[in-house]
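Please walk through this model helix by helix. Begin with a single residue and widen the view from there.

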Amino acid sequence: MPDFIDSVKGFLRSTAKLKLDAEQKGDTRAEGAYSDRMEWLEAVIGEIEHYRRITKPIPAAYGDLSDLPPELVKELTGTKVDDLEQQLFTIIKTGGDEVDLDAILIELFRRFQVVQTRKFLQNKLWRMAQKEIVFSVAGRKGVYTAQKPSDSWGSPPPAPVTFGAGAPTKSGFADDLDEDIPF
C-alpha cells in the first residue's frame, strides 16, 4: 500500500518544477503562489510525520533498538542488546511477510558474514519469539515474521487430530452433544 506522504512529496517536487519554470519566465505572481503551496505542503508533511511519530503505539517488547543513540541505550534497564538478535530481526523485518530458516541462514552470512548452526539459530529464534521480538508462523515449522499475527477470530478451526496410520479422526467434544437444544 503506498504511503500518502510519498504522494504529497511527489506533488511537492512537481510544484518546485513549476515554480522554477515561472521563475525562468519572470512570472513573479505565479512564482509566489508556487512558493506558498510548497510551504504549505512541507508543513503538511512535517505535521503528518510528527503525529505518526508521537502516536505510534508502545510495543510490549522493545524490538529493534538500532535507531536509538548509544547514550540512551545505556540508560535503559533490562535491555541487553544482542548483536545476533539485532541481525536476525533485521533479516526477518526486511525479508517480507515470512522468512524461513534457510533464508535466514543465507542472509545472515551474506549481510553480516556470520555463520551459525541450524540448531543454535532455531533456539535463538525460539527465544526471540518468546520475547515477541519475532513471531513464528502458525502451522509452518521454521518460518518467522516480524509482524504480530492477527487474532484467530476469522480463522478456521484446527484440523481433526489423527493417531497412527489409518486411525479414525478424533472429532471434538461438541460432536457428542445433542443438536436439539430446548432453549
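In which helix is Thr15 found? Thr15 is found in helix H1, where helices (H or I, at least four residues) and strands (E, at least two) are DSSP runs numbered from the N terminus. The model is a predicted one, in which local features need pLDDT of at least 70, side-chain atom pairs count only at pLDDT 80 or more, and totals for chains, interfaces and linings use all residues. Residues are numbered from 1 along each chain as its sequence is written, and side-chain values use heavy atoms, with hydrogens and water left out.

Thr15 has a relative accessibility of 3% and therefore counts as buried (buried means under 20% relative accessible area, exposed over 50%, partly exposed in between, with a 1.4 Å probe and protein chains only). Leaving aside residues up to four places away in sequence, Thr15 touches Tyr34, Arg37, Met38 and Leu41, contact meaning heavy atoms within 4.5 Å.

The axes of H1 (residues 4–25) and H2 (residues 28–54) come within 9 Å and cross at roughly 160°, so H1 is roughly antiparallel to H2. Axes here are lines fitted to C-alpha atoms, for helices over the stretch in contact, and angles run from 0 to 180 degrees between N-to-C directions. Angles under 35 degrees count as roughly parallel, over 145 as roughly antiparallel, 65 to 115 as roughly perpendicular and the rest as oblique. H1 passes H2 in a left-handed crossing, the term for a near helix turned anticlockwise from the far one by less than a right angle, with clockwise being right-handed.

On the H1 side, the residues in contact include Ile5, Val8, Phe11, Leu12, Thr15 and Leu18; on the H2 side, they include Tyr34, Met38, Leu41, Ile45 and Ile48. By class, the contact of H1 with H2 has 13 nonpolar, two polar and eight charged residues (Ala, Val, Leu, Ile, Met, Phe, Trp, Tyr, Cys and Pro count as nonpolar, Asp, Glu, Lys and Arg as charged, and the others, Gly among them, as polar).

Of its 17 residues, Leu88, Ile104, Leu125 and Val134 touch the most other members. H4 (83–94), H5 (101–112) and H6 (118–130) each supply at least two residues of this core, and H4 gives the most, with five residues. Apart from this core lies another, of five residues, among them Ile5, Leu12, Met38 and Ile45.

How do H4 and H5 meet? Their axes come within 10 Å and cross at roughly 110°, so H4 and H5 are roughly perpendicular to each other. H4 passes H5 in a right-handed crossing. Among the residues making the contact are Leu84, Leu88 and Ile92 of H4 and Ile104, Leu108 and Phe112 of H5. The residues of this contact divide into seven nonpolar, three polar and two charged.

Two loop residues remain. Gln113, in the loop between H5 and H6, has a positive phi of about 55° although it is not a glycine. Gln113 is exposed, with a relative accessible area of 55%. Glu132, in the loop between H6 and strand E2 (135–136), has a positive phi of about 60° and is likewise not a glycine. Glu132 is partly exposed, at a relative accessible area of 34%.

Notes: Core = buried A, V, L, I, M, F, W, Y, C linked by side-chain atoms within 4.5 Å.
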